[in-house]
Amino acid sequence: MENSHIVILEKLVKRFPMGVRKFTALDGIDLSFGKGEFAGFVGPSGSGKTTLLNIIGSLDTPSEGKAVVLGHSISALTHKDAANLRNKHLGFIFQTYNLFPVYTVYENVEFPLLLLKIPADERKKMVLEAIEWVGLIDKIKSKPAQLSGGESQRVAIARAMVKKPEIVLADEPTANLDAQNSHHILQTMENLNKDLKTTFLFATHDEKVIKYLKRKITLFDGKVAKDKLKEQ
Amino acid sequence: MLGFKLAYRNLIGAGLRTWLNVIVLSFSFVVIIWHKGLLEGWNQQARKDMIAWQIGGGVYWHENYDPYDPFTLQDSHGKITSQIQNEIAQDKLTPILIEQAIIYPDGRMQSVLMKGIDPRQTILELPSTRLYSDIEEVPVMIGSRMAKNNRLEVGDFVTVRWRDANGVFDAAEAKIVKIFKSNVPAIDNGQIWIPIERLWTMTKLNNEATILIVNRDYVKANTFNGWNFKDHDFLLAEMDQIIHQKSVGGSILYVILLFLAMLAIFDTQVLSIFRRQKEIGTHLALGMTRGQVIKLFTIEGAMHSVLAAIVAAIYGIPLLSIQAIRGFSIPIATDDYGLASAERIFPNYSAALVIGTILIVLITATIVSYLPTRKIAKMKPTEALKGKIQ
């Protein structure tokens, strides 16, 4: 059973120093995710959603417990190994898009492939394919400042998806978008999940996102309050 | 290679911010190269002029001769032996006899060095042939500075008083037959040039000389008893020192310029790291290591100097080339430095100077760019992603 899971979290604890005391953001999380899941962590602010996503994304390490992502124990990874894991297998989508402001749409999407040292011809093909997925082929030479919020987030999705990672981690991806754009974005991600079998993990409290989730994990005070699969 | 590619994209993408730094830095390039080239050109021109007008291929000093002590002049002369005479006949040497004298231009009294030179000599550029004269007065050639200071013109008469070998004072009327223009103050100020044979007669120092100037093309210097040979290294040492001092003084100017340019880069880097924390976080999230991000930001800063070199080349090459061809006008007052100086200096921009300057600026810019980036190594990716100041 364990072998089919690409993310395994066992008795996961994360504490942050707060003055002389420590704040417990995650308190004994036990979860696992299989390939191709479309799941999300929901809950109020401070419930530990982003912290959990950061640990799965190897951007942070647990204080206690185990977090194994694609066979790599996050606690045991060096900075370099963690970067390597993110580079090859993980994609990130952020609430504020985090596009490089001086790059064009093409260059933003191309960035992860440059890090992977993909040859130029193949890279071009992959970038154009990813931009096509999100329907922004006409904006290829635009810079982020020339894009709307929805378009920017679609570029971020293309950037996260261009290398066809095993897992995409999306932190509040629709928080800055209107309803129409949110649905468009979520449909895009849902299609990519179906077509490429990419695992999507969300951190959100947006009802629009929650409606799309196939598995909803409710966090409260750093604990899993509910773990519910969507009825088909 | 990736670092260079991304750094180039970032720099070009940053637009005006990049170009402002690049333009300031390009000024440093051009000013440093221009100033160094000017000094180098001046140095070369001064050396060339001193060799042509004053020291030839080297100088034999009479063993008692000390140019810094005029009181020794009375005893610092020796016989031109047959061996020396033989060399003079072959145009390998030319003798100069130096005596103290006083002239009375326009009723004023002026101490001078009276130098006897062979009018037939061709070793020095001095127009000594103009001293051929059948006039009764002593034919005198002076430099333009001497003429200006004493308000003398060609055709003017002036009384000259001197002491002969027996210590007896004598005087004669002299006529200015030539005023020459030379870039070398050391053969001009406070000096009068007369035919050496006339000076021998006047001073009763027949066939004697104080110094022997060696022909430039005459490489091997013989040894003459009672004479000490002084080569270029010795004779030009003082000038080299003055040029060196001027170079150090000038360095302050370009150190300030370089400092300002580096301050701009440092400031940009600090600001970049402060303002681009989210971008740094994104780089880390997308799979760059901290080392790669540090490298990227360092290359980005250092690339300012590469772009600056290109920009400097665009406007600097035509500007400096025009100046190298047309020369740089030096004010007359520069003579006061005591350094041979032409009215126009032609800067000399060597490949070593250009490459050396580029390397200095590039290395300095790289160090300055690297220093602020060390902060990145301490950044937490999760905090950086939020753009939180760390």
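Two strands count as paired if DSSP finds at least two bridges between them. Keep that cut-off in mind for the first stop. The model on screen is predicted.

**Stop 1**

To see one bridge, pick A:I93; its partner in β7(A) is A:A170.

Move along to strand β3 (residues 38–42) and strand β9 (residues 215–220) of chain A. They run parallel and are joined by four bridges. Click A:F41; the bridge partner in β9(A) is A:I217.

Next, select β9(A) with β10(A). These two run antiparallel, with six bridges between them. A:R215 sits opposite A:L229 in β10(A). The pair forms a hairpin with two residues between the strands. Zoom in on A:D221 in that turn: its phi is positive, about 50 degrees.

**Stop 1: the four-stranded sheet of chain A**

Stay in chain A and select β2, β1, β4 and β5, which form an open sheet in the order β2-β1-β4-β5. Here the pairing is antiparallel. At the edges are β2 (21–34) and β5 (72–73) of chain A, each pairing on one side only.

Pick out strand β1 (residues 5–18) of chain A beside β2(A). They run antiparallel, joined by 11 bridges. One to look at is A:V7, whose bridge partner in β2(A) is A:F33.

**Stop 2: helix α3 of chain A**

Select α3 (105–115) of chain A. Is this helix mostly covered or mostly open? It is mostly covered: nine of its 11 residues are buried. Among them are A:V105, A:Y106, A:F111 and A:L115. A:N108 and A:E110 are buried too.

To see what covers these residues, show α2, α4 (120–133) and α5 of chain A, which are included in the cover. Then step past the helix to A:K117, which follows α3(A) and has a positive phi, near 55 degrees.

**Stop 3: where chain A meets chain B**

Show both chains. The contact takes 20 residues from chain A and 17 residues from chain B. On the chain A side, α3 and α2 (79–89) each supply at least two residues. By class, that side has 11 nonpolar, five polar and four charged residues.

**Stop 4: the two domains of chain B**

Colour chain B by its domain assignment. Domain 1 is 2–52 + 238–385, and domain 2 is 58–230. Taken over C-alpha atoms, the centres of the two domains are 50 Å apart.

**Stop 5: a helix pair in chain B**

Select helix α2 (residues 16–55) and helix α7 (residues 237–275) of chain B. How do they lie against each other? Their axes come within 9 Å and cross at roughly 175 degrees. The two are therefore roughly antiparallel to each other. Their contact has 19 nonpolar, seven polar and two charged residues.

**Stop 6: a loop with positive phi angles**

Finish in chain B, at the loop between α5 (196–203) and β9 (208–209). Most residues other than glycine have a negative phi. Two residues in this loop are worth a click.

Select B:K204, which lies in this loop. B:K204 is not a glycine, yet its phi is positive, about 60 degrees. Is B:K204 buried or exposed? It is exposed, with 12 other C-beta atoms within 10 Å.

Then select B:N207, also found in the loop between α5 and β9 of chain B. Its phi is positive and near 60 degrees, again in a residue other than glycine. B:N207 counts as partly exposed, with 15 C-beta neighbours inside 10 Å.

Notes. Residues numbered from 1 in each chain as written. Chains lettered and ligands numbered in written order. Predicted model: local features only at pLDDT ≥ 70, side-chain atom pairs only at ≥ 80, totals over all residues. Domains from an automatic or database assignment. Axes fitted to C-alpha atoms, helices over the stretch in contact; angles between N-to-C directions. Parallel < 35°, antiparallel > 145°, perpendicular 65-115°, else oblique. Nonpolar A, V, L, I, M, F, W, Y, C, P; charged D, E, K, R; others polar. Contact = placed C-beta atoms within 7 Å. Buried ≥ 20, exposed ≤ 12 C-beta atoms within 10 Å, placed from the backbone.
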